[in-house]
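Welcome! Please take a moment to look over the sequence and the 3D model shown here before reading on.

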Amino acid sequence: MKKKNVINLIKYYSEKNDAGFRNEAYEIANSFDSSGDHQLAEYIMALMSNANTFVPQINENVSALFEKIDIKDEMLLLPDIIMQDLLGIVNAVAHNVGINKFLFQGSPGTGKTEAVKQLARILEREIYMVDFAAIIDSKLGQTQKNIAELFREINSFVHPEKVIVLFDEIDAMALDRTNSNDLREMGRATSSMLKGMDYLDERIMLIATTNLYKCFDRALIRRFDSVIDFNRYTQEDLMSIAEEMLNKFLSKFKLANKDIRLFRKILKLMSPIPYPGELKNIIKTAIAFSSPNDGMDYFRRLYCMVCGEKPEDLNKLKLQRFTIREIEILTQKSKSSVSRELKENEKDE
């Protein structure tokens with residue numbers, strides 16, 4: 001241990017700088033460990049793990065600024081290009097070199113929040129989501145104070161290496177401060193965010209999500225180590241994801257009838273195919289609302305949700321390139337009836 005470590009400890013103690021005190025203590029422990037005094041290093045680490053130095057430890061039951069998020073083990077459906085970025089984040093955090101702040105940007109329903117949950121499972125961390133309703137205040141200057149308190153609490157986690165702080169839909173506090181339509185108060189709030197991120201404990205992982213990346217304050221963007229774009233879905237990516245969702249929900253609702261070709265034809269009537277969030281709701285609702293005694297009913301409901309009308313117009317269905325057999329499924333008419341009606345319609349034309 002060097003003189004500067006002693007001086008820094010006293011300095012941080014007098015300033016009630018919990019994050020600085022902890023970082024210095026961990027540096028001292030690492031120094032002892034490197035010099036071969038492993039027992040003393042472990043003793044210091046144990047003391048710090050159990051210590052409650054200056055700032056109260058965050059507890060999800062008492063802090064009004066956070067909500068602990070339940071991490072359910074659900075299937076995450078993302079294109080490979082985005083999955084590779086998530087694996088890159090896992091690798092970056094594993095290097096322990098201070099790369100710990102990430103911004104997920106993309107349209108609603110692209111899987112940003114679910115990706116955070118997936119990272120939490122992989123990294124064995126807990127997610128604490130910031131409650132913006134408790135942060136933003138109508139009183140002049142109070143929002144800034146709340147943000148300062150927020151980062152004070154963030155830096156007081158006893159086990160920062162086991163935490164992900166989530167700023168879900170951070171847009172309210174991240175708009176461009178130079179925008180004339182932006183309130184001055186929120187501009188000052190953004191400035192407080194910048195300061196808080198500059199002094200964030202490097203062991204804590206911070207992830208923010210946004211739907212309004214183009215309106216973001218550029219200085220705030222620079223505070224993030226990486227920005228991940230969640231809009232990078234091709235139509236084929238979305239079709240593959242839709243098929244996985246179909247298999248999942250058919251299994252969940254114990255329905256065995258599956259016709260991937262018909263399913264794909266119906267989805268292709270949407271242009272473009274929506275992002276996974278909306279896609280999931282469409283497929284789940286079609287299957288959940290279908291008759292348990294009719295294994296093909298979900299196709300008719302899916303068509304209705306996609307096209308906004310029942311599959312009754314035979315000519316239209318033919319123009320949409322459905323086969324006689326597929327029209328039979330969608331209309332509940334026999335193939336012979338479908339063929340006869342289509343021929344009659346051709347004669348009338």
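Predicted model: local features only at pLDDT ≥ 70, side-chain atom pairs only at ≥ 80, totals over all residues.

Residues are numbered from 1 along each chain as its sequence is written, and side-chain values use heavy atoms, with hydrogens and water left out.

**The whole protein**

- The secondary structure comes to 16 helices and six strands; these are DSSP runs, numbered from the N terminus, with helices (H or I) of at least four residues and strands (E) of at least two.
- Of the 349 residues in the protein, 45% are buried. Here buried means under 20% relative accessible area, exposed means over 50%, and partly exposed lies in between (1.4 Å probe, protein chains only).
- The accessible surface comes to about 18900 Å², and 49% of it belongs to carbon and sulfur atoms. Accessible areas come from the Shrake-Rupley method with a 1.4 Å probe, and for residues only the protein chains shown count as cover.
- Among contacts between residues at least 6 apart in sequence, 72% join residues at least 24 apart. A contact means heavy atoms within 4.5 Å.

- Helix H10 (residues 235-252) packs with helix H12 (residues 276-288) at an angle of about 35°, and their axes are 10 Å apart. Axes are lines fitted to C-alpha atoms, for helices over the stretch in contact, and angles run from 0 to 180 degrees between N-to-C directions.
- The crossing of H10 and H12 is right-handed. A crossing gets that name if the near helix is turned clockwise from the far one by less than a right angle, and is left-handed if anticlockwise.
- On the H10 side, the residues that meet H12 include Leu 238, Ile 241, Met 245 and Phe 249. Their partners in H12 include Leu 279, Ile 283 and Ile 287.
- By class, the contact of H10 with H12 has eleven nonpolar, no polar and two charged residues. Ala, Val, Leu, Ile, Met, Phe, Trp, Tyr, Cys and Pro count as nonpolar, Asp, Glu, Lys and Arg as charged, and the others, Gly among them, as polar.
- H12 also meets helix H13 (residues 297-307): their axes come within 8 Å and cross at roughly 140°. H12 and H13 are therefore oblique to each other. Angles under 35 degrees count as roughly parallel, over 145 as roughly antiparallel, 65 to 115 as roughly perpendicular and the rest as oblique.
- The crossing of H12 with H13 is right-handed.
- Asn 281, Ile 282, Thr 285, Ala 286 and Ile 287 in H12 touch Tyr 298, Arg 301, Leu 302 and Met 305 in H13. This contact divides into six nonpolar, two polar and one charged residue.

**Helix H15, H11 and Glu 326**

- H11 and H15 have axes that come within 11 Å and cross at roughly 75°. That makes H11 roughly perpendicular to H15.
- Arg 261, Leu 262, Lys 265 and Ile 266 in H11 meet Glu 326, Ile 329 and Leu 330 in H15. Four nonpolar, no polar and three charged residues make up this contact.
- Several residues of H15 (residues 324-331) are buried, among them Ile 327 and Thr 331.
- Glu 326 lies in H15 and is buried, with a relative accessible area of 2%.
- Not counting residues up to four places away in sequence, Glu 326 touches Arg 261, Leu 262, Lys 265 and Arg 321.

**Loops to look at**

- Ser 271 and Pro 272 are joined by a cis peptide bond, with omega about 0°. Pro 272 sits in the loop between helix H11 (260-267) and H12.
- Asn 96 is not a glycine, yet has a positive phi of about 55°. Asn 96 is exposed, with a relative accessible area of 67%, and belongs to the loop between helix H4 (80-94) and strand S2 (101-105).
- Glu 202 is in the loop between H8 and strand S5 (205-210) and counts as exposed, at 55% relative accessibility. The C-alpha atoms of Glu 202 and Gly 98 are 5.0 Å apart, although 104 residues separate them along the chain.
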